[in-house]
Amino acid sequence: MNKFLLAAAAVAAFIPAFAQDADTEPIDYLNADYYVIGSNVNGKSWAEGADDAKFEAKGDGVFEWTGDVLGTGFKINNGTWAVPELNFGAASETQTITLDKSFTLTAGNESKNIGLAAIDGVDYSKINNPKIVLTVNGSEVSIVLTGEPAGEAGWFLPGDYNDWNVENEEFQFKKGDDGLFTLRVEFEEAGEFKVAWTGWAMEYGSEGSGDDQLVLGMGEDSAKLTKKGDGVDVSNVKSYFVGKYDVTWNPETAEISFVEVTEDAVEEIGVDNGEATYFTLQGVKVMEPANGLYIKVVNGKANKVIVK
């Protein structure tokens, strides 16, 4: 009797597990749809299931995609993020792909963006006329990328003001002889930003979020940012800077600073006779300044003053 009960219990335990497995359909890798999605795929940023991002099945587990441009920082999936087994990327944030060499992909929602490795000692931000050959052997998937390097990668200032584009040259820092990176940019309104390497290969922002979120432009014009990685996540930096600014970024110390630019307005103004002349921050001359912040120019020298 005891043996019968034990056998019955074993069958009862087995049936639900078997039913659960039966309800889970295996992934058909050979007949799945595949898309490339990333920071710059034919000018699109992380667009799911775009028609011009779909691979063409060539048979025997081979799929091909050709495009106009491919930026560093991309993944391959079935056009959505809904199937972890079909979400292919790199094994780590530091793993990169080299042109013309086979690269084995890692599946799962924890996979990382695929970056472009150094080519002849230079990192490139994007590839013109890219072609990806995708080879599928069961759940083992690899790619070979070919194409023409289009330009150097670098540090960018993505944010609300440029749709978080890390390949917009207007917001790319330029490296100086002192090793610092500078950028002159005009902010039309308050927003949020981060500092990122092309394709989000590296990312700096605020260590805190919510009430602890880093805020600049409200009395503070510089700060040390926090790098994302190794279990450390970062949020956006909130910015209240409005106007034209020179932004300096030091990746060695992770420090960023903002200095408002007023030289352009002063150069166009001109001052005679040593008399004080007042202008708005936009360079408009004011005959009788009222309460507010102005640029005071005397003998060609400009200073910000508060008139009360």
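Predicted model: local features only at pLDDT ≥ 70, side-chain atom pairs only at ≥ 80, totals over all residues.
Local features need pLDDT of at least 70, side-chain atom pairs count only at pLDDT 80 or more, and totals for chains, interfaces and linings use all residues. Residues are numbered from 1 along each chain as its sequence is written, and side-chain values use heavy atoms, with hydrogens and water left out.

User: In what order do the 5 strands of the open sheet stand?
Analyst: Strands are DSSP runs of at least two residues, numbered from the N terminus. Two strands pair if DSSP finds at least two bridges between them. In this open sheet the pairing is antiparallel, and the order is E14-E15-E23-E24-E20.

User: Which strands stand at the edges of that sheet?
Analyst: An edge strand here has a single partner strand, so one side is left without a neighbour in the sheet. The strands in this position are E14 (174-175) and E20.

User: Which residue in the turn of the hairpin formed by E14 and E15 has a positive phi?
Analyst: E14 and E15 (residues 181-187) run antiparallel and are joined by 2 bridges. Lys-175 stands opposite Phe-181, and Lys-174 has Thr-182 as its bridge partner. The hairpin has 5 residues between its strands, and the residue with a positive phi, about 85°, is Gly-179.

User: Which residues form the uncovered face of E15?
Analyst: In a regular strand the side chains alternate between the two faces of the sheet. The covered face of E15 holds Phe-181, Leu-183, Val-185 and Phe-187. The uncovered face holds Thr-182, Arg-184 and Glu-186.

User: How many bridges join E15 to E23?
Analyst: E15 and E23 (residues 243-250) run antiparallel. Leu-183 stands opposite Val-247 in E23. The number of bridges joining these strands is 7.

User: In which sense do E19 and E22 pair?
Analyst: E19 belongs to an open sheet of 3 strands, E16-E22-E19, with mixed pairing. E16 (191-193) and E19 stand at its edges, each with a single partner strand. Leu-216 stands opposite Ser-239 in E22. Over 2 bridges, E19 and E22 (residues 237-239) pair in the sense called parallel.

User: Is Met-218 buried or exposed?
Analyst: Met-218 lies in the loop between E19 (215-216) and E20 (222-224). With Val-215 and Tyr-240, Met-218 makes a nonpolar surface patch of about 290 Å². Such a patch joins nonpolar side chains within 5 Å, from residues with over 30% relative accessible area and no salt bridge (a side-chain nitrogen of Lys or Arg within 4 Å of a carboxyl oxygen of Asp or Glu). Buried means under 20% relative accessible area and exposed over 50%, with a 1.4 Å probe and protein chains only, and because its relative accessibility is 60%, Met-218 counts as exposed.

Terms used. Patch = residues over 30% accessible without salt bridge, like charges linked within 9 Å, V, L, I, M, F, W, Y side chains within 5 Å. Areas by Shrake-Rupley, 256 points an atom, 1.4 Å probe, with all protein chains shown as cover. Helix = DSSP H or I, 4+ residues; strand = E, 2+ residues; numbered from the N terminus.
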